[in-house]
Amino acid sequence: RASAQPRTGASAADASDDAARARALASLAELADDNDYYSMLGVAASVSDSALASAFKRLQTELDPSRFDTRRDQRRASSRFQKINAAYVSVLQHKKKRSVYNSIVKLRASYTSLATPAASASSVRKALKSMAKLLDELTKHKMPTTLSTELSMAVRLVRDAHPDAKK
């Protein structure tokens, strides 16, 4: 995550930009965490299709609201199950959608470095091109809008850090 500390000799405007970038990166990291489907299912991204299905079925059983005594616990289980169900049924059980999602997962590791002015122009151009392609794929495959929101936020951060970068 980016530091909110101003650079040595930085002006007040630079410090303000750094703080705004740090807040935006924190928001992006939070959104990426909310969209971490593998973590929701308690598996690694490299898990086989059958192990992924088993993890989903296990959680489906564990989160059955009838297994909980209080309404509060039932609501929590139901809410968690809805997220897990959306992750698996809407994305991970489909080979092409899972492939697109895996590309987003790989890209997440570079969000912070790309959103700093120190990132190389070639890596920024390559990432922006990749992000544009992924946004098209998300739309084409009717994937959850939270993923599009995450990628769009990442694109904005990168473009803000590199205003002269082209797609």
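Good morning. I begin with S79, which is partly exposed, with a relative accessible area of 34%. On this scale, buried means under 20% relative accessible area, exposed means over 50%, and partly exposed lies in between, using a 1.4 Å probe and protein chains only. S79 has its place in helix 4. Helices here are DSSP runs of H or I with at least four residues, strands are runs of E with at least two, and both are numbered from the N terminus. From S79 to L63 there are 16 residues in sequence, and 9.3 Å in space, C-alpha to C-alpha.

Before I continue, a word on the source. This is a predicted model, in which local features need pLDDT of at least 70 and side-chain atom pairs count only at pLDDT 80 or more, while totals for chains, interfaces and linings use all residues. Residues are numbered from 1 along each chain as its sequence is written, and side-chain values use heavy atoms, with hydrogens and water left out.

Helix 4 also holds S90, which is partly exposed at a relative accessible area of 29%. Apart from neighbours within four places in sequence, S90 is in contact with N85, K97 and P144, where contact means heavy atoms within 4.5 Å. S90 and A118 are 28 residues apart along the chain, and their C-alpha atoms are separated by 37 Å.

Let us turn to the core. How many residues does the largest nonpolar core have? It has 43, and those with the most contacts inside it are Y37, L41, L92, Y101, Y111, M131 and L151. The term nonpolar core denotes a set of buried Ala, Val, Leu, Ile, Met, Phe, Trp, Tyr and Cys residues joined through side-chain atoms within 4.5 Å. At least two residues of this core come from each of helix 1 (12–34), helix 2 (37–41), helix 3 (49–62), helix 4 (71–92), helix 5 (95–108), helix 6 (111–114), helix 7 (121–140) and helix 8 (145–161). Helix 8 gives the most, with seven residues. As general background, nonpolar side chains in soluble globular proteins tend to be buried together.

Next, helix 8 itself. Its 17 residues reach 24 Å from the first C-alpha to the last, close to the expected 24 Å at 1.5 Å a residue. The expected span is 1.5 Å times one less than the number of residues. Buried in helix 8 are L147, E150, L151, M153, A154, V155, L157, V158 and A161. One of these, A154, is 125 residues along the chain from A29, yet the two C-alpha atoms are separated by 9.8 Å. A29 is found in helix 1 and is buried, with a relative accessible area of 17%.

I now consider helix 7. With 20 residues, helix 7 reaches 29 Å from its first C-alpha to its last, close to the 28 Å expected. Its buried residues are V124, A127, L128, M131, A132, L134, E137 and L138. Which helices do the buried residues of helix 7 pack against? They pack against helix 5, helix 6 and helix 8. M131 illustrates this: leaving aside neighbours within four places in sequence, M131 is in contact with L107, Y111, L114, L151, A154, V155 and V158.

How do helix 5 and helix 7 meet? Their axes come within 11 Å and cross at roughly 150°. Axes are lines fitted to C-alpha atoms, for helices over the stretch in contact, and angles run from 0 to 180 degrees between N-to-C directions. On the helix 5 side are K96, V100, S103, I104 and L107, which meet M131, L134, E137 and L138 in helix 7. These residues divide into six nonpolar, one polar and two charged. Here Ala, Val, Leu, Ile, Met, Phe, Trp, Tyr, Cys and Pro count as nonpolar, Asp, Glu, Lys and Arg as charged, and the others, Gly among them, as polar.

The axes of helix 5 and helix 8 come within 12 Å and cross at roughly 35°. Y101, I104, L107 and R108 of helix 5 make this contact with L147, E150 and L151 of helix 8. R108 counts as buried at 15% relative accessibility. Not counting residues up to four places away in sequence, R108 touches A32, N35, D36, Y101, L147 and E150.

Finally, K142 lies in the loop between helix 7 and helix 8 and is exposed, with a relative accessible area of 71%. Its phi is near 50°, a positive value in a residue other than glycine. Most residues other than glycine have a negative phi. Thank you.
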